[in-house]
Amino acid sequence: MLIFAPMTQPLYSLRMHSSLAGHHLSGAESLVSSAELDTATNNLIQRALQHPRGAAEQIHLTVELVNPETLERGALPALRTLTVASVAEGRSLARQLLEQAGVAPQVAAGAMQELIRGAAPGGQSMRGAMLVDRRTGERLEADCSRGVRVSHLGIDPELELQLGRQLEGLGLNNPHVREALVLAGKVTMHPAVLAELCWSDDPDYTAGYVCSRAFGYLRIPLLKPAGETRGGRAFFLKPGSDLAELVSWLETRPVLFERIGELHQAMNGRDYAALLDA
Ligand code: AMP
C-alpha cells in the first residue's frame, strides 16, 4: 500500500513485520508522506491481521524519516505476462529466462530447488531474499533465515494511480503486482544484480516473475501449485560484487519511482522463449 500527499511533505519509510506462533507471517515496506502515515500504518496493521495464513500475534512497525538528499529516483521495469499451461512449464520457462539473463544453468536450477523446498533452514520460507552468485551458485546472504529484506522503496502517488489504471486494462491491478513491480524495480536498478526470481508465499497466489534490466519484469502466472505456502526470492549477483555495499543499498537507500515502464499484452511463454532463442 503506497499513499502519498504532495511530495513537498517529508517522506517516511514505513516497515511492518508480523509473526504468528513464533514464525514470520508477513512484512511490507513503503515510502509515505507525513500526512498519510496514519492511514498507511492502519492499512499495514489490517494486512497483518487479515493474512491468508492467519491473524498476526505480533506486529512490529518502524517509521523513519527519509533524508531527501539520499533519495534516488527511478523508472519501473517494463512488464509482460507470459502464459503457461502448468507449474512445470512455468518453472522451466523461468529457468530459461534466468539463463538468458546470464545465470549459469545449474545455478538457476539449484536456486529454483531451494525455493521449492523452502530456502530457510528446516524447509521454511525465508523472510527476505537469498543472494546467489550467478556463476557458482554460492549463497551469499549472511543469515539464511532472514536473507536480505529490501526496504525504503515507493512510487509517486500520481504515478501509482496511473499505474493502477494501466494494469486494470491488463487485469493485473492488484497489490501483489504493484508492490512486486516496485520491489523488482529497485533490486534490478543495482548494477551488481543480474536478475531476480520470485514467487509468493501466499497460498492463494500462484504467480511469480523473473526480472532483469535486460528484459524487464516477466510475470509467469503459474510458478507454484495453489495452496503451497513456501515462496521466496533469489537475487543473482555478478561474481565479485561488494556485498556490504549492495545489502546496505537494498535495505536502506530510499528509491522513489517516478516513471512507468511499458506494459505489454500477455504473450504465450513458448513463443516468447522462441524469440529469445532466435
Ligand atoms: P511475497 O511476494 O510478499 O509473497 O513474498 C514472497 C517471498 O519473497 C517471501 O517469502 C520472502 O522470502 C521474500 N520477500 C518478501 N518481501 C521481501 C522484501 N521486501 N525483500 C526481500 N525479500 C522479500
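The protein chain splits into domain 1, residues 11–68, and domain 2, residues 72–277. Please keep in mind that this is a predicted model. How far apart are the C-alpha centres of domain 1 and domain 2? They lie 21 Å apart. The two domains also make contact: 15 residues of domain 1 and 17 residues of domain 2 take part.

Next, a sheet. Strands in a sheet pair through backbone hydrogen bonds, in parallel or antiparallel fashion.

Look at strand 1, residues 11–20, beside strand 3. They run antiparallel, and eight bridges join them. Take serine 19 as an example: its bridge partner in strand 3 is glutamine 58.

The largest pocket has a volume of about 1100 Å³. It is lined by 49 residues. Which of them are closest to its centre? Gly27, Arg47, His176, Glu179 and Arg233. By class, the lining has 23 nonpolar, 15 polar and 11 charged residues.

Where does that lining come from? Helix 5 gives the largest share, eight residues. Several elements supply at least two residues each, including strand 2 (23–33), helix 1 (37–49) and helix 5 (175–189). Strand 8 (193–199), strand 9 (208–212), strand 10 (216–220) and strand 11 (232–237) also supply at least two each. In terms of domains, domain 1 and domain 2 each provide at least three lining residues.

On to the second largest pocket. Its volume is about 320 Å³. The lining has 15 residues. Nearest the centre of this pocket are His23, His24, Arg53, Gln124 and Ser125. The classes here are three nonpolar, eight polar and four charged residues.

Why does this second largest pocket lie between domain 1 and domain 2? Because both domains give residues to its lining.

That is the tour.

Terms used. Residues numbered from 1 in each chain as written. Predicted model: local features only at pLDDT ≥ 70, side-chain atom pairs only at ≥ 80, totals over all residues. Heavy atoms only, no water. 1 Å grid on protein atoms, 1.4 Å probe; cavity = no way out; pocket = protein on both sides within 12 Å on 5 of 7 lines; lining within 4 Å. Points joined across faces, edges and corners; volume = space filled by probe spheres on them. Helix = DSSP H or I, 4+ residues; strand = E, 2+ residues; numbered from the N terminus. Nonpolar A, V, L, I, M, F, W, Y, C, P; charged D, E, K, R; others polar. Domains from an automatic or database assignment. Pairing = 2+ DSSP bridges. Contact = heavy atoms within 4.5 Å.
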